[in-house]
Amino acid sequence: IGYHGIQRANVQAGDKVLVVGAGTIGLLAAIAAKSRGAKVWICDVAPMKLEYALRFGIDGTVLNTSPDALKNAIDEITDGNGFDVTVECVGLPSTFQNCLDAACFGGRVSVIGVGKHNIDLDFTIIQKKELNIYGSRNAMTRDFEELIDTVKSQNLQLDGVVTNVYDFENAVKAFEDFSANANNMLKVMIKF
C-alpha cells in the first residue's frame, strides 16, 4: 500500500519527501521512497514512532506538536520551498491540509490514508501552488513484483516493522493492547 502511493507520486532520486503519519503504512511508504533515492522525513505526533522510523534509515523526523512547529520545521528542512512530494498516511482532514501546506510549488501529494470525515479547506491552495494530487488505494500486482525485487536487491531489513507478536490465544489482548498503546506500537502480528 505504501509502495503504491510512492509509485503513484512518481518519487524520484533526489526528491525531498515528507510522509505524514509514522504508522506501519507511513513507515513503509517512507522506506519505499528511500529505496528510490529520495531524501525522506517522516512526521507524527507520537515520538516513539519517529524513533522507530530512524532505525530504517529515514533522513529525519518532525514531531508535529503544533501548526507553528510543523511550519517552522518544514521551512527549515526545505529552505522555505516546501517538499517535492508529501504523502498523507493518516486519513484526517488536518493531516491532508498539512500535506498541502508542506508541498512546494508544483509539488506532488499522494493520499494514502483513508478518511472518515469530510474536509473543509481553502481549495485555492491547490490552484495557487499548482499541486498534483494522487489518490492511492491498495496496490497492483506490479507493485508487489517491484517491491519484492527491491527488498531483495537492496537487502532491505524490514523485520523491525513488527513490534509485537501475540499467540492466537491472546488475540483479544493484542487488539486491546494496540488500542491502548497505538502510539508505541507498529505492526502487530498474531501467530497461529
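Contact here means heavy atoms within 4.5 Å. The model is predicted: local features need pLDDT of at least 70, side-chain atom pairs count only at pLDDT 80 or more, and totals for chains, interfaces and linings use all residues. Residues are numbered from 1 along each chain as its sequence is written, and side-chain values use heavy atoms, with hydrogens and water left out.

**Stop 1: Thr-150.** Select Thr-150, in helix α7 (residues 141-153); helices (H or I, at least four residues) and strands (E, at least two) are DSSP runs, numbered from the N terminus. Leaving aside residues up to four places away in sequence, Thr-150 touches Ser-35, Asn-155 and Leu-156. Thr-150 is buried, with a relative accessible area of 14%; buried means under 20%, exposed over 50%, and partly exposed in between (1.4 Å probe, protein chains only).

**Stop 2: helix α2.** From first C-alpha to last, α2 reaches 16 Å, close to the 16 Å expected at 1.5 Å a residue (the expected span is 1.5 Å times one less than the number of residues). Just after α2, Gly-37 has a positive phi of about 90°.

**Stop 3: the largest nonpolar core.** A nonpolar core is a set of buried Ala, Val, Leu, Ile, Met, Phe, Trp, Tyr and Cys residues joined through side-chain atoms within 4.5 Å. The largest has 27 residues, and Val-11, Val-17, Val-19, Val-40, Ile-42 and Val-87 touch the most other members. Elements supplying at least two residues each include α1 (2-8), β1 (16-20), β2 (39-44) and β4 (83-88). The most come from α2, with six residues. A second, separate core of 19 residues includes Val-62, Phe-83, Cys-99 and Ala-102.

**Stop 4: the largest pocket.** A pocket is an open set of points on a 1 Å grid over the protein atoms alone, where a 1.4 Å probe fits, with protein on both sides within 12 Å along at least five of seven lines; lining residues have an atom within 4 Å of a point. Grid points are joined across faces, edges and corners, and a volume is the space filled by probe spheres set on the points. The largest pocket holds about 480 Å³. Among its 25 lining residues, select Gly-23, Thr-24, Ile-25, Phe-178 and Lys-187, the closest to its centre.

Stop 5: Of the 14 residues in its lining, Lys-71, Ile-74, Asp-75, Asp-101 and Ala-102 are nearest the centre. Both α4 (67-78) and α5 (93-102) supply at least two lining residues, and α4 gives the most, with five.

**Stop 6: helix α5.** Stay on α5 and select Thr-95, Phe-96, Asn-98, Cys-99, Leu-100 and Ala-102, which are buried. The elements that cover these buried residues include β1, α4, β4, β5 (103-111), α6 (124-128) and β6 (132-135).

**Stop 7: Val-45.** End in the loop between β2 and α3, where Val-45 sits. Val-45 is exposed, with a relative accessible area of 57%. Not counting residues up to four places away in sequence, Val-45 touches Leu-63 and Asn-64.
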